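Try each task before you read its solution.

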Amino acid sequence: MDRAAVSKTVDQAWDEAILPSLSELVRIPAVSPSFDADWQNTGHLDAAVEHVRAWIDGRGIEGAEIDVVRLPGRTPLLLVDVPGSSDAPDESVLLYGHLDKQPPLGGWSEGLSPWTPVVRDGKLFGRGAADDGYAGYAAVTAIEAVRAHGGSHARCVVLLETGEESGSPDLPAYLEHLRDRLGAVSLVVCLDSGAGDYQRMWLTNSLRGMVQLEVEVQVLDSGLHSGIASGIVPSSFRIMRQLLDRIEDSATGEILLPELTVSIPANRIAETRAAIEAVPGMVTNSVPWPEGMRPVTDDEVELALNNAWRPTLSVIGADGLPKPADAGNVLRPSTTLQLSFRLPPTADPEAALAAVQRRLSEEVPYGARVSFGHSEAGLGWNAPDPAPWLSGALDTAAEEIFGASWRTMGLGGSIPFMGLLHEAYPDAQFVVTGALGPDSNAHVPDESLDLAFAAKITSAIAYVLDAHATR
């Protein structure tokens, strides 16, 4: 494969074909179903799928089958099936991305807004540009570049879902529905991940699992005047604090339940040290610290391991607590919290959820009633070691495209699809990468995609596809 020509073709495609279409995709307010309960009627997810489908169809890729797959009551999925080269093995490459978006949010900088694409300083600003609208364009362009310049690739299936930002609830059903069609998947490429800097290629080597749980502590059927009831009826908030102390050390943040913890693999510790040595400040500089605020430790390796391999608890919602301006002198009848646990990649999320529920509900102080509302549990993911052919392809891409060694990093977030795929294809190699670098602002105001970096990632994927087919 003429690798120099591949990079030139990819750069040209980004300038002339991808950027105009991706900019129009930004304009479509295709928020994920969790944020648009009426998504079937608003039609924005369908509009995003149709926009990208039409662009891919217009590329005229020989032999490609482009389908919008719809299971009843589920979000649509765009599937692009590209036959492999004649000399490629009878295997499949699955390239993943998503087209649904986070809500727009307020607070965008002057001249920027979520649904108006703006190119500034080499970046495309707008909701969904980096997370993850570019993925389908990059995947298709990488395939085109391999074909155009003497390379080979196995059969490639590009899968773009529309529910990732809602936790991919429809994806298991689609994987089962498409299992025979996907075939023998030996390589998975995910373009929905991050980068520690824009100077090199980054592979994600682990993703945390998660447990979410709504818990209520009730002490009364209705509120009572605090002057009458306090000191007689225990506070539901105080009981909630006691229960949470069973789960988390409030002084350190350490999670106390063994079902939520694992031993960190030695290779992940070594890779974390290598990443921090390559980019000092990578972790601490990822947070916009208010003046005077400091991280939980000054050891950046420990911070990275905390974020990637140690469980954490965040209280992400509450009910039963009036706003301060509306608060009267009332002993409230109940307190409800929404708890979000990030789990180590190899922890069992169902066992973790059961342990949390058990610990919160046994021997409750004062006989208060504990009840649970909505809960969910999601798999984490720990990458298999890269095969020699994959390491070699990444080394070549690092030298020729980036001019810097590739590195790996664990991410504190979740991509449930990766855990599902690893279970479905345990022998597959995984390239989980992406253009979500520093200050890309996924999920928050001023989301942006570094265009030059996205083009380099696209070229690197072309290298990987060719190396996979010729290994």
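This is a predicted model.

**Exercise 1. Describe the second largest pocket: its volume, its lining and the elements around it.**

Step 1. Start with the volume. The second largest pocket has a volume of about 160 Å³.

Step 2. Go to the lining. It holds 15 residues. Closest to the pocket's centre are Leu203, Asn205, Pro384, Pro386 and Thr408.

Step 3. Sort the lining by class. Nine residues are nonpolar, three are polar and three are charged.

**Exercise 2. Find the residues that touch the most other members of the largest nonpolar core, then trace the contacts of Ile461.**

Step 1. The largest nonpolar core has 91 residues. Trp14, Met201, Leu449 and Ile461 touch the most other members.

Step 2. Ask which element gives the largest share. Helix 13 (residues 451-469) does, with 13 residues.

Step 3. Check the domains. The core takes at least three residues from domain 1 (3-207 + 380-470) and at least three from domain 2 (210-273 + 300-378).

Step 4. Now pick Ile461. Set aside its neighbours within four places in sequence. Ile461 is then in contact with Leu95, Ala142, Val189, Leu191, Met201, Val431 and Thr433.

Step 5. Another core lies apart from the largest one. This other core has 27 residues, including Val157, Leu175, Leu207 and Tyr425.

**Exercise 3. Locate Leu105 and Tyr366, and decide for each: buried, partly exposed or exposed?**

Step 1. Recall the general rule. Most residues other than glycine have a negative phi.

Step 2. Compare the two residues with it. Leu105 is not a glycine, yet its phi is positive, about 60°. Tyr366 is not a glycine either, and its phi is positive at about 65°.

Step 3. Leu105 sits in the loop between strand 3 (92-98) and strand 4 (118-120). Tyr366 sits in the loop between helix 10 (349-361) and strand 14 (369-378).

Step 4. Apply the cut-offs: buried is under 20% relative accessible area, and exposed is over 50%. Leu105 has 44%, so Leu105 is partly exposed. Tyr366 has 57%, so Tyr366 is exposed.

**Exercise 4. Which two residues does a cis peptide bond join, and what is omega?**

Step 1. Recall the rule again. Most peptide bonds are trans.

Step 2. Find the cis bond. It joins Asp131 and Asp132, with omega at about 10°.

Methods: Residues are numbered from 1 along each chain as its sequence is written. This is a predicted model: local features need pLDDT of at least 70, side-chain atom pairs count only at pLDDT 80 or more; totals for chains, interfaces and linings use all residues. Side-chain values use heavy atoms; hydrogens and water are left out. A nonpolar core is a set of buried Ala, Val, Leu, Ile, Met, Phe, Trp, Tyr and Cys residues joined through side-chain atoms within 4.5 Å. Buried means under 20% relative accessible area, exposed over 50%, partly exposed in between (1.4 Å probe, protein chains only). Helices (H or I, at least four residues) and strands (E, at least two) are DSSP runs, numbered from the N terminus. Domain bounds come from an automatic or database domain assignment. Contact means heavy atoms within 4.5 Å. On a 1 Å grid over the protein atoms alone, a cavity is a set of points where a 1.4 Å probe fits but cannot get out, and a pocket is an open set with protein on both sides within 12 Å along at least five of seven lines; lining residues have an atom within 4 Å of a point. Grid points are joined across faces, edges and corners, and a volume is the space filled by probe spheres set on the points. Ala, Val, Leu, Ile, Met, Phe, Trp, Tyr, Cys and Pro count as nonpolar, Asp, Glu, Lys and Arg as charged, and the others, Gly among them, as polar.
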